[in-house]
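Please read the following alongside the sequence and the coordinates.

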Amino acid sequence: MADGRLREEVVSQGIELQRRWLRSIKSQVETERGGRLAKLDQLTTSLKQLERITLDNSATLDENVRVNKVWSALRALQSKTDLGDVAFDHELRVLKSLTLAADTDSADKTFASVISPALKQLEASGAATAGVKSFASLSSWFTNSVAPKIHSASLTPTPEESTVVSHLASIALSKIMFRPKAGVVPGDDVGAVLARAEWCLGEKDLDGAAREVNGLKGWPGKLAGDWLREARRKLEVQQALEVVMTEATLESLLLS
């Protein structure tokens with residue numbers, strides 16, 4: 001009887017120990033699985049973050065590539081216009097194609113909407129196929145040819161007063177009469193206007209020079225007509241390129 005009870009107790013304790021061991025194993029397995037699942041969730045989150053960063057970096061890289069292409073096309077176009085009397089229609093088409101490509105991207109529509117009108121106006125002017133004068137040639141042309149002719153014409157008498165003697169006198173006077181040197185000279189007479197225009201050219205201010213020359217009237221104004229037309233064509237191109245340059249600079253700053 002005692003041996004039987006002892007045997008039963010031993011068996012009962014063994015069963016209990018086995019149950020405890022199983023519960024312990026199950027608890028450890030659940031804990032391990034929970035830890036692994038937590039690590040798996042953490043890894044999934046990290047992978048999603050990495051994917052987002054990769055996509056953002058890819059978009060930024062694409063933007064940088066596009067802006068760099070715009071700058072390259074802009075520099076090529078600027079270089080052609082600086083040469084003078086050289087067609088730049090190919091460079092303009094390249095820059096325009098980059099603008100049209102940007103227009104398809106909603107993020108770049110502002111960039112395209114500002115630049116496109118400037119490029120279309122430049123294309124419509126015909127300057128791209130004919131080319132424009134360089135600043136150096138415009139300055140030399142005005143100083144060495146246009147200004148002396150205008151100064152001489154300013155002394156020419158009107159048709160009512162015109163005689164052979166008066167013409168000969170005007171020619172002689174034009175060679176000895178003092179003409180103000182380039183500078184900010186006050187007054188509306190031809191000499192003062194020419195002096196201010198030449199001063200503006202010396203300061204690389206073509207727009208200021210054109211404004212001064214545009215104020216000339218009568219025969220001096222007619223003599224300046226060809227130069228003024230070429231100067232305006234040059235200014236139109238410069239203004240269009242400045243618009244593109246400003247927007248490209250803004251895009252570069254937004255990406256930095």
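**Salt bridges, packing and surface**

R93 is partly exposed, because its relative accessible area is 48%, and the cut-offs for that class are 20% and 50%. The model is a predicted one. R93 forms a salt bridge with D89, with the closest N and O atoms 3.7 Å apart. D89 is partly exposed too, at a relative accessible area of 28%. Both D89 and R93 belong to helix α2, where four residues, about one turn of the helix, separate them.

Side chains of opposite charge can pair when their charged atoms come close. The structure holds eight salt bridges. Another of them joins the side chains of E123 and K96, at 2.7 Å from N to O. This pair links distant parts of the chain, since E123 is in helix α3 (residues 109–124) and K96 is in helix α2, 27 residues apart. E123 has a relative accessibility of 39% and so counts as partly exposed. K96, with a relative accessible area of 23%, is also partly exposed.

A further salt bridge is made by the side chains of R233 and E230, at 3.9 Å from N to O. R233 and E230 both lie in helix α10 (residues 225–255), three residues apart, which is about one turn of the helix. R233 is partly exposed at a relative accessible area of 21%, whereas E230, at 18% relative accessibility, counts as buried. The two values fall on either side of the 20% cut-off, so the residues are put in separate classes.

The next topic is helix packing. Helix α5 (residues 135–153) packs with α7 at an angle of about 170 degrees, and their axes are 11 Å apart. Angles over 145 degrees count as roughly antiparallel, and α5 and α7 are therefore roughly antiparallel to each other. The crossing of α5 past α7 is left-handed.

L47 counts as exposed because its relative accessibility is 51%.

Backbone angles come last. Most residues other than glycine have a negative phi. D85, which is not a glycine, has a positive phi near 60 degrees. D85 sits in the loop between α1 and α2 (89–103), and it is partly exposed, with a relative accessible area of 49%. K204 is not a glycine either, and its phi is positive at about 65 degrees. The loop between α7 (190–202) and α8 (206–214) holds K204, which is exposed at a relative accessible area of 63%.

Technical notes
Residues numbered from 1 in each chain as written. Predicted model: local features only at pLDDT ≥ 70, side-chain atom pairs only at ≥ 80, totals over all residues. Heavy atoms only, no water. Buried < 20%, exposed > 50% of the residue type's maximum accessible area, 1.4 Å probe, protein only. Helix = DSSP H or I, 4+ residues; strand = E, 2+ residues; numbered from the N terminus. Axes fitted to C-alpha atoms, helices over the stretch in contact; angles between N-to-C directions. Parallel < 35°, antiparallel > 145°, perpendicular 65-115°, else oblique. Left-handed = near helix turned anticlockwise from the far one by under 90°. Salt bridge = Lys/Arg side-chain N within 4 Å of Asp/Glu carboxyl O.
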